[in-house]
Amino acid sequence: MSKNIKRIAVFTSGGDAPGMNAAIRAVVRTATYHNLHIYGIYRGYEGMIAGDIRRLETNTVGNIIHRGGTILKTSRSKDFLKKSGRKIAYESLLAHDIDACIVIGGNGSFTGAHVFSKEYNIPFIGIPGTIDNDLYGTDFTIGFDTAVNTAIEAVDRIRDTADSHNRLFFVEVMGRHAGFIALNTGIGGGAGSIIIPEKTTNIEDLKRLLKKSAKRKKLFSVVIVAEGNKLGNAAEIAEIVGKELDYETKVTIIGHLQRGGSPSGADRVLASRLGYAAVDSLLKGHQNMMVGVLNNQIVLTSLKDAIKRTKKVKNGLLEMAEILAL
Ligand code: F6P
């Protein structure tokens, strides 16, 4: 156990994700168990710069495991991108005698931690919290499962109305530059086609596929579109494809609905495991690592690899989805 770490700070950063509260709870309770003083930095790196740092107790994190969003609030800080901002942030941590930080967030948040830890000697541990699931070194990020469930529920509802009117729906989901949400929503929602950034979709092939479905009297269809794909957004694709088809075409953007809501059981368990592992890793002397889960085992990956390396879509999943949609 590292002798030097007595006071640690936890914060959430970037887009909120369901399960972040469960992770905060696990961090606070594990740290308290080890007699550490635990502080919350409010509003992510913005709050670190502003010195918005407050003591957290076991009771502060009571009754939050089931709540979406983040009790610590979050931000995408422009000032932290600047050296001058990071200097003020470091001074805030010094003023509160913070020995180490736990950051719950995604790629941008870990990039901030990676840069900061090179400039200043404060150990960081990252907990992957983003609905996008786009971090290398973990099979799942906190919030992904809930977001996919929310999107599938939306697709189920769209199927009802699409079926009733014989319509073709293009449903756009989030994911930034990654297609994990789209792929899983498409498979779980029984989509006719899935368009993701990781695979180039040929617009002519898509038209042919949808025409073929229409010919075999498939009365409606749902196409899932990942926001980061290269063909365009759902409205643009619908415009190009819709003209040539017998279906009436509609577009739905699920948007921020995917980010809110009570975390799923899987996300609560994942967040609890990772929060616990983050404190444990700090105490074992690890720094500038991300805690993740690979094949259901807790694994540490350097923050550098987590942000720089690309997580691949599981082999064969898209092909499987195409066969199941026939
Ligand atoms: O990273 C999470 C995410 O929801 C992405 O899927 C999306 O592209 C982005 O954040 C939206 O960010 P904002 O809420 O700042 O518009």
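Tutor: Let us begin with a term for accessibility: a residue counts as buried under 20% relative accessible area, as exposed over 50%, and as partly exposed in between. Please bear in mind that this is a predicted model.

Student: How does Arg157 count on that scale?

Tutor: Arg157 counts as exposed because its relative accessibility is 56%. Glu153, at 43%, counts as partly exposed.

Student: With which residue does Arg157 form a salt bridge?

Tutor: The general idea is that side chains of opposite charge can pair when their charged atoms come close. In this model Arg157 pairs with Glu153, and their closest N and O atoms are 3.0 Å apart. Both residues belong to helix H5, four residues apart, or about one turn of the helix.

Student: Which parts of the chain does the salt bridge between Lys314 and Asp139 tie together?

Tutor: The side chains of Lys314 and Asp139 meet at 3.9 Å, N to O. Lys314 is in the loop between helix H10 (303-308) and helix H11 (317-324), while Asp139 is in the loop between S5 and H5, so the pair ties together parts that are 175 residues apart in sequence. Lys314 counts as exposed at 55% relative accessibility, whereas Asp139 is buried, with a relative accessible area of 19%.

Student: How many salt bridges does the structure hold?

Tutor: There are 16 salt bridges in the structure. Some residues join in a network of them, namely Glu204, Lys207, Lys211 and Glu244.

Student: What is the nearest side chain of opposite charge to Asp132, a buried residue with no salt bridge?

Tutor: That side chain is Arg176, 4.2 Å away. A salt bridge requires the nitrogen and the carboxyl oxygen to lie within 4 Å. Asp132 is in the loop between strand S5 (124-128) and helix H5 (144-165). Beyond its sequence neighbours up to four places away, Asp132 touches Thr141, Gly175, Arg176, Ala178, Phe180 and Ile181.

Student: How does one describe the packing of helices H3 and H4?

Tutor: Two packed helices are described by the angle between their axes and the distance between the axes. For helix H3 (residues 83-95) and helix H4 (residues 107-119), the axes come within 11 Å and cross at roughly 75 degrees. The two helices are therefore roughly perpendicular to each other. Lys83, Arg86, Ala89, Tyr90 and Leu93 in H3 meet Val115, Phe116 and Glu119 in H4.

Student: Is helix H1 mostly covered or mostly uncovered?

Tutor: H1 is mostly covered, with ten of its 14 residues buried. Among them are Met20, Ile24, Val27 and Val28. The cover over these buried residues includes strand S1 (7-12), strand S2 (37-41), strand S4 (100-105), S5 and H9. Just after H1, Asn35 adopts a positive phi of about 60 degrees.

Note on methods: Residues numbered from 1 in each chain as written. Predicted model: local features only at pLDDT ≥ 70, side-chain atom pairs only at ≥ 80, totals over all residues. Heavy atoms only, no water. Buried < 20%, exposed > 50% of the residue type's maximum accessible area, 1.4 Å probe, protein only. Lys, Arg positive; Asp, Glu negative; His and termini not counted. Contact = heavy atoms within 4.5 Å. Axes fitted to C-alpha atoms, helices over the stretch in contact; angles between N-to-C directions. Parallel < 35°, antiparallel > 145°, perpendicular 65-115°, else oblique.
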